[in-house]
Amino acid sequence: MRGALLGGAVGDALGAGIEFKSLAQIRDRFGPLGVADYVEAYGRRGAITDDTQMTLFTAEGLIRAAVRLETKGICHPPSVIHHAYLRWLLQQGEASPIETSTDGWLYDALHQQGPRAPGLTCLAALRAAERFGAPAVARNNSKGCGGVMRVAPVGLFAARLNGDAAVFGLASEVAALTHGHPTGHLAAGYFAVVIAALLDRVPLFGALERADAALAAYPQGEEVKAAVAAARALASRGPPDPEALETLGGGWVADEALAISVACALTAE
């Protein structure tokens, strides 16, 4: 679990200083191999972005949901995670549309960092909250990467859930709080099942097959299915260069971000 959270944060920090730059701009500044170490962002080297912040708030929400279930006997995890995201919203200098508690270690720890270029879709969806857990599906048609990038903790909590279908469903619900397009939240469900399977020590190929099976229950999952198939095809030809990776997309939308990560994971040493 620590490795998953730390690995995500490291990748986030490596990209923080080049997030909005093209491949040509990156090579012009850092040479043909691109970034090989942390680039200064937000006034320091190794800074995380809103992606890791929201991942941590996802984890915090899951922990609080588990505690509530054990002590109260009833809980709706997406609502508790939604509350956690509204704490994150306050950290970005925004006002929460409903009363939001700011208790807890995580809020105090991350509040010192200040805003981290948060995604506009996430901000708009959270501003529109009517109550914790509502609207259950954001009133937008966004399939941006902001949902899939934060749901690894759902896969890490798989032992408390009843199988891959439950993992997929919860991760999808969590992503749907901010991203209304089916691809935007089904990619998150897929990713969480992969994480859950890896935590079970299933090899990556087998983890992807488990996620394939969970995705098959959703008729609207064709874009995610096609993106992962393209990633597998690319990986079968060996480690891809940056130009080859860009054939999977720029990573700004959920299925492209998922595909790029799958291709890289399948070809990493």
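How exposed is L199, in terms of relative accessibility? At 39% relative accessibility, L199 counts as partly exposed, where buried means under 20% relative accessible area, exposed means over 50%, and partly exposed is what lies in between, with a 1.4 Å probe and protein chains only. Before I go on, let me say that this is a predicted model, in which local features need pLDDT of at least 70 and side-chain atom pairs count only at pLDDT 80 or more, while totals for chains, interfaces and linings use all residues. Residues are numbered from 1 along each chain as its sequence is written, and side-chain values use heavy atoms, with hydrogens and water left out.

Let me stay with L199 for a moment. L199 is found in helix 9, and here helices are DSSP runs of H or I with at least four residues, strands are runs of E with at least two, and both are numbered from the N terminus. If we leave aside residues up to four places away in sequence, L199 touches M1, G155 and L156, contact meaning heavy atoms within 4.5 Å.

Now to the charged side chains. Side chains of opposite charge can pair when their charged atoms come close. Taking a salt bridge as a side-chain nitrogen of Lys or Arg within 4 Å of a carboxyl oxygen of Asp or Glu, the count comes to 12 salt bridges. In one of these, R87 pairs with E60, the closest N and O atoms being 2.8 Å apart. R87 lies in helix 4 (residues 77-91) and E60 in helix 3 (residues 50-72), so this bridge ties together parts that are 27 residues apart in sequence. Both R87 and E60 are buried.

The side chains of R64 and D103 also meet in a salt bridge, at 3.4 Å from N to O. Because R64 lies in helix 3 and D103 in the loop between helix 4 and helix 5 (105-111), the pair ties together parts that are 39 residues apart in sequence. R64 is partly exposed at 25% relative accessibility, and D103 is partly exposed at 42%. E60, R64, R87 and D103 are linked in a network of salt bridges.

A further salt bridge joins R127 and E94, with the closest N and O atoms 2.9 Å apart. Here R127 lies in helix 6 (residues 120-127) and E94 in the loop between helix 4 and helix 5, so the parts tied together are 33 residues apart in sequence. R127 is partly exposed at 40% relative accessibility, and E94 is partly exposed at 24%.

Next come the aromatic rings. Rings of Phe, Tyr and Trp (its six-membered ring) pair if their centres lie within 6.5 Å, and planes under 30 degrees apart count as stacked, over 60 as edge-to-face and the rest as tilted. By this rule the count comes to two aromatic pairs. The rings of F20 and W252 have their centres 6.1 Å apart and their planes at 10°, so this pair is stacked. F20 is in the loop between helix 1 and helix 2 (23-30), while W252 is in the loop between helix 12 (242-245) and helix 13 (254-267), 232 residues apart. F20 is exposed, at 61% relative accessible area, whereas W252 is partly exposed, at 49%.

F168 and Y218 form a stacked pair as well, with 4.7 Å centre to centre and 20° between the planes. This pair links F168 in helix 8 (residues 164-176) with Y218 in the loop between helix 10 (204-215) and helix 11 (222-235), 50 residues apart. F168 is buried, with a relative accessible area of 0%, whereas Y218 is partly exposed, at 30%.
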